[in-house]
Amino acid sequence: MNTQPAEWHFVKKRTADPAGGAVYVSDDRTRYRRTGGEALAAEAAYQRQLAELGYPVPHILDNGTEDSHVFVVEKSLGEHSLHDMALESLEGTRALSDTVVDLAAEVGSRLLRAQAAHAVPADLLMLREWVREAGWTDHVFTENPDLDTPRVRAALDRAVAQLARVPMVPGHLDYGLPNVLPVGVIDWQHHGLVPLGYDTALALEIVPFKGGTKGYLASPEQRHRYLEALNEAARATTGKSLSQHLAPFLLVKALFFLALMKPTDPARTDKYVKWHFRRHLFLEVLDQYERTGAVDTAHFLTLDDFAARHGAPGHP
Ligand SMILES: Nc1ncnc2c1ncn2[C@@H]1O[C@H](COP(=O)(O)OP(=O)(O)O)[C@@H](O)[C@H]1O
Ligand SMILES: [Mg+2]
């Protein structure tokens, strides 16, 4: 175990961390250090447990308190996330590389199998707690009181009822290509019990939520291939596939992407448009789910198309 003193280089501030935490990398790039508050201590404890359960997560080398903040040091899982690899292989196009899709399917299946091995039966309370935690519903309804309606509540109840027989497993809640490396999954900041498949099944479905202004998009064939690989892993472990739960999963994920989007500075038109774009996507998912019981992300508007059509609705 390498516990030599290291020179730490700032990587980034931690997203959505009220404690103002940050991520640093060691000189030799073999270790990452996170700083934060009490939530980071809980994150580290969770990650240690996951490692013991056989999840593909970074090994924690050190943690403690220093100058009244919590710090955690873990092993690097490598230089490039699948998101980095996807961007690097674009070569002027928008097409996601098949190599990245296959890697995503491999890691996703590995995580899914580890999760399935530690499943507990769901009950309605657990599922409602998942909706609240994973969908950040307290924040979403505070920022968007017009969405706190019987219609939205009914759709969420329907999603919960539909998932009643899906086992619950220790989950990530922010699973996506930026947090996936070929050998494992990083960034367990937002963790909690999730219905099996919630993390992994959506990895390619959530790409359009970023707005499509830069980067890659998965083709319908790639999304299908990815889901089939996960279905196979799910069937091998639980006897049931999971793609039929995509719609209720996406309903909750669309809320997650809407949380904390309302700009505090009214002059930031760009942020205002992004917030309304996410509101639009949530309403699109809701509408599709209500009408057909399924959600197809293939025809989501891009941020640019949304802005061209709607500008900044209601913006002064
Ligand atoms: N154990 C690790 N192995 C490899 N890269 C890491 C590791 N931990 C962090 N990183 C890098 O640092 C970045 C930020 O860390 P992360 O915990 O994902 O922060 P955030 O919560 O802001 O997304 C990651 O996107 C990744 O590039
Ligand atoms: Mg991250």
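Biologist: Two strands pair if DSSP finds at least two bridges between them; over how many bridges do S2 and S3 pair, and in which sense?

Modeller: In this predicted model, strand S2, residues 22-26, and strand S3, residues 31-36, pair over four bridges in the antiparallel sense. Within that stretch, Tyr24 stands opposite Arg33 in S3.

Biologist: And what does helix H1 touch?

Modeller: Helix H1, residues 38-52, packs on the sheet, where it touches S3, S4 and strand S5 (69-75), and the direction of H1 makes about 30° with that of S5.

Biologist: OK, what is the strand order in the sheet?

Modeller: The sheet is open and has five strands in the order S1-S2-S3-S5-S4, with antiparallel pairing. Strand S1 (8-13) and strand S4 (60-66) each have a single partner strand, so they stand at the edges and one side of each is left without a neighbour in the sheet. From one strand to the next, the twist averages 20°.

Biologist: How many residues surround it, and which are the closest?

Modeller: There are 18 residues around ligand 1, and the closest are Thr15, Tyr32, Pro58, Leu77 and Asp187.

Biologist: What about the domains themselves, how many residues are in contact?

Modeller: Eleven residues of domain 1 are in contact with 15 residues of domain 2. On the side of domain 1 that touches domain 2, the residues divide into eight nonpolar, two polar and one charged. The centres of the two domains, taken over C-alpha atoms, are separated by 24 Å.

Biologist: Last one, the whole chain: how many helices and strands, and what is the radius of gyration?

Modeller: The protein has eleven helices and nine strands. Its radius of gyration is 20 Å, close to the 20 Å that the globule rule gives for 316 residues, so the protein is as compact as a globular protein of that length. Along the principal axes, its C-alpha trace spans about 55 × 50 × 45 Å.

Definitions and conventions. Residues numbered from 1 in each chain as written. Chains lettered and ligands numbered in written order. Predicted model: local features only at pLDDT ≥ 70, side-chain atom pairs only at ≥ 80, totals over all residues. Pairing = 2+ DSSP bridges. Helix = DSSP H or I, 4+ residues; strand = E, 2+ residues; numbered from the N terminus. Axes fitted to C-alpha atoms, helices over the stretch in contact; angles between N-to-C directions. Contact = placed C-beta atoms within 7 Å. Near = placed C-beta within 6 Å. Domains from an automatic or database assignment. Nonpolar A, V, L, I, M, F, W, Y, C, P; charged D, E, K, R; others polar. Rg over C-alpha atoms; globule rule 2.2 N^0.38 Å.
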